[in-house]
Protein chains: 2
Amino acid sequence: MKQYTETIQSILREHKLRKTKTRFLLLELLLQSGEPSSASDILCDFLRMRKSVNKTTVYRELDHLIREGIITSLHLGDRKQYYEIANRSHHHHHLICLQCKQIEDIDVNETKLLSEEEKARCEKGFVILRHSLEFFGLCKKCQIIESV
Amino acid sequence: MKQYTETIQSILREHKLRKTKTRFLLLELLLQSGEPSSASDILCDFLRMRKSVNKTTVYRELDHLIREGIITSLHLGDRKQYYEIANRSHHHHHLICLQCKQIEDIDVNETKLLSEEEKARCEKGFVILRHSLEFFGLCKKCQIIESV
DNA sequence: TGACAAATGCAACAAAGTTGCATTATCATT
DNA sequence: AATGATAATGCAACTTTGTTGCATTTGTCA
């Protein structure tokens, strides 16, 4: 996990953010984790690592990082919010297995979506700031289990 | 609201469902309301109409109607689930104003999404059962307010 | 009408997230 | 290095959204 120290410090510098314990650990966790994490995932991970972090602080820090555009939040069909590092150069969507809850990233050709956003602007007067697109289904493994 | 009686009765007949108070009121409300409603919206509406309906029963009935495919649930960026009448012949998505929370329906050309689903099947082995696509932005009115 | 499954209502619970407030840490400036 | 402004923290209590178990009632069909 050490290898993210540089990255985190450059994020903090770029956004003029103080280096605090929770912020650092949170970024480390999200950079290291391949898939979106919920607040409770994060709290559990910290507990497992015997890092004492406060629930309120984590929620507040997540909000803060969202406002800074460093992370984004998404919904994956359950009642939680999930968070992941925002990668503006590489916007992606998710494939969620309804059975085993496994999440995979998927690249979607955005041009079609952009033209839909343009259509919304023309027809409805809406300016679109972001969109969410997630696919729900069954992964390879769960299809086999289902069909038995 | 009376005009939906026929529709509801045909839904109940088609799905072999008992005609119960909560089920009837719920369908009436969702048919009549132009936009997706959350459980709390629904409970408030009933309260306003002085209809005594039970929270647990409403949640259970919503689940039931989803399992029957009569309604669908969606997420609109906050922590709630929203429900609307499923219209299989006319699948649509939503435009949500981040400021005033107004929701508009939007038709999206589905062919592109279907080809993405096909790609997911080929590349990742996922079979896609449904997708969610919502656009977030500012409606005409809120753009003006923002820019003042 | 009577049987039986389906639906209901209640109270208690659970998970996710929020608020107010007093305290503490960080960091630029001296 | 000391200082002071501002940002971050921790705690407890709270809110919202949704769930569960269980005893009771209702709707439907033979």
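Let's start at the DNA: 26 residues surround DNA strand D, and the closest are Thr20(A), Thr22(A), Asn54(A), Ala39(B) and Gln81(B). A residue counts as near a strand if its C-beta atom, placed from the backbone, lies within 6 Å of it. Before I go on, a word on the model: it is predicted, local features need pLDDT of at least 70, side-chain atom pairs count only at pLDDT 80 or more, and totals for chains, interfaces and linings use all residues. Residues are numbered from 1 along each chain as its sequence is written, while chains are lettered from A and ligands numbered from 1 in the order in which they are written.

Back to DNA strand D. By class, the surface near DNA strand D divides into four nonpolar, 11 polar and 11 charged residues. Here Ala, Val, Leu, Ile, Met, Phe, Trp, Tyr, Cys and Pro count as nonpolar, Asp, Glu, Lys and Arg as charged, and the others, Gly among them, as polar.

Now look at the other DNA strand. Around DNA strand C there are 26 residues, of which Ala39(A), Gln81(A), Thr20(B), Thr22(B) and Asn54(B) come nearest. Two or more residues each come from helix H3 (39-48) and helix H4 (55-67) of chain A, and from helix H2 (21-32) and helix H4 (55-67) of chain B. With five residues, H4(B) gives the most to the surface near DNA strand C. That surface has four nonpolar, 11 polar and 11 charged residues.

How are the two protein chains related? Chain B can be laid on chain A with an RMSD of 0.2 Å, by a turn of 179 degrees and a shift of 0.1 Å along the axis. The two copies are thus related as by a two-fold rotation axis. The superposition is by least squares on the C-alpha atoms of residues with pLDDT of at least 70 in both copies. Which residue of chain B comes closest to the rotation axis? Leu133(B) does, with its C-alpha at 2.2 Å. Both copies use the same surface, as 100% of the contact residues of chain B recur in chain A.

Let's stay with that contact. Chain B and chain A bring 29 residues each; residues are in contact if their C-beta atoms, placed from the backbone, lie within 7 Å. On chain B, strand E5 (103-106), helix H5 (110-124), strand E6 (127-138) and helix H6 (140-147) each supply at least two residues of the side that touches chain A. E6(B) gives the most to that side, with 12 residues. The side of chain B that touches chain A divides into 14 nonpolar, six polar and nine charged residues. Strand E6 (residues 127-138) of chain A and E6(B) pair in the antiparallel sense over 11 bridges, and Leu138(A) stands opposite Val127(B). Two strands pair if DSSP finds at least two bridges between them.

Is Ile106(A) buried or exposed? Ile106(A) is buried, because 20 other C-beta atoms lie within 10 Å. The cut-offs are 20 or more such atoms within 10 Å for buried, 12 or fewer for exposed, and partly exposed in between, with C-beta atoms placed from the backbone. Leaving aside neighbours within four places in sequence, the contacts of Ile106(A) include Phe135(A) and, from the other chain, Ala120(B).

Chain A also holds an open sheet of three strands, in the order E1-E3-E2, with antiparallel pairing. Its edge strands are strand E1 (37-38) and strand E2 (71-75), each pairing on one side only. Five bridges join E2(A) to strand E3 (residues 81-85) of chain A, and one pair of bridge partners is Thr72(A) and Glu84(A).

To finish, a view of chain A as a whole: it has six helices and six strands, and buried residues make up 22% of its 148 residues.

Technical notes
Two residues are in contact if their C-beta atoms, placed from the backbone, lie within 7 Å. Helices (H or I, at least four residues) and strands (E, at least two) are DSSP runs, numbered from the N terminus.
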